[in-house]
Amino acid sequence: MALIIFTPLLEQLRQHGEQTYPHECCGVLVGEFDEAGNKTVKSVVACGNTRTDSPHNRYHISPTELVRIQREARIAGLDIVGFYHSHPDHPAQWSSTDLAEAHWTGCSYVITSVEKRKAVLTNSFLLVEEGESKQFANEAIDLRDAIALAGDKLR
Ligand SMILES: [Zn+2]
């Protein structure tokens with residue numbers, strides 16, 4: 001299982017983290033699930049971080065914004081396949097808070113470390129259900145280039 005994303009979209013979410021530095025950025029990944037359990041990101045939707053109390057190490061997407069994104073995705077025949085945020089001056093690894101606040105099992109949680117306003121590493125974690133609890137599993141990011149995207153459109 002992998003998160004398939006095209007280079008310009010990955011760059012878009014990484015740049016968002018550079019723009020909001022030293023605060024966390026956050027947003028939603030809209031795309032498609034396939035039968036094999038892979039997800040393809042079709043668009044990256046930047047959200048405002050509504051955590052004003054500690055925006056440097058917390059993020060929150062407003063429910064109203066999330067509902068709107070979900071509605072627009074459905075209209076386009078797509079789904080919410082994941083979420084992303086940045087870790088200013090911290091590693092691209094999930095925190096216990098990230099796990100506690102993650103509720104969309106089957107979705108990808110993408111984290112980019114940003115050091116001194118420069119996006120460094122981007123990792124993806126799949127939220128999986130384990131009995132009564134949930135867990136993050138490492139997920140491969142399958143990076144595709146824009147040429148393949150153009151090919152898709154031609155077909
Ligand atoms: Zn985090």
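Biologist: Which protein donors does the zinc ion have?

Modeller: This is a predicted model, in which local features need pLDDT of at least 70, side-chain atom pairs count only at pLDDT 80 or more, and totals for chains, interfaces and linings use all residues. Residues are numbered from 1 along each chain as its sequence is written, and side-chain values use heavy atoms, with hydrogens and water left out. Donors are N, O and S atoms within 2.8 Å of the metal (3.2 Å for Na, K and Ca), and sites may look incomplete because water is not among the atoms. Lying 2.1 to 2.4 Å from the zinc ion, the protein donors are His85 (NE2), His87 (NE2), Asp98 (OD) and Asp98 (OD).

Biologist: How are the donor residues of the zinc ion spaced in sequence?

Modeller: The donor residues are His85, His87 and Asp98. Their spacing in sequence is H-x1-H-x10-D.

Biologist: Is His85 buried or exposed?

Modeller: Buried means under 20% relative accessible area, exposed over 50%, and partly exposed in between (1.4 Å probe, protein chains only). His87, at 7% relative accessibility, counts as buried. With a relative accessible area of 3%, His85 is buried.

Biologist: Which residues does Thr112 touch, not counting residues up to four places away in sequence?

Modeller: Thr112 has its place in strand S5 (residues 108-115); strands (E, at least two residues) and helices (H or I, at least four) are DSSP runs numbered from the N terminus. Thr112 is buried, with a relative accessible area of 2%. Contact means heavy atoms within 4.5 Å. On that basis, Thr112 touches Leu13, Arg14, His85, Ser86, His87, Ala92, Ala119, Leu121 and Thr122.

Biologist: How many aromatic pairs does a search of the whole structure find?

Modeller: Rings of Phe, Tyr and Trp (its six-membered ring) pair if their centres lie within 6.5 Å; planes under 30 degrees apart count as stacked, over 60 as edge-to-face and the rest as tilted. The search of the whole structure finds five.

Biologist: How many residues apart in sequence are the parts that the pair of Trp94 and Phe136 ties together?

Modeller: Trp94 and Phe136 form a tilted pair, 5.4 Å centre to centre with 55° between the planes. Trp94 lies in the loop between strand S4 (79-88) and helix H3 (96-100), and Phe136 in strand S7 (residues 133-144), so the parts tied together are 42 residues apart.
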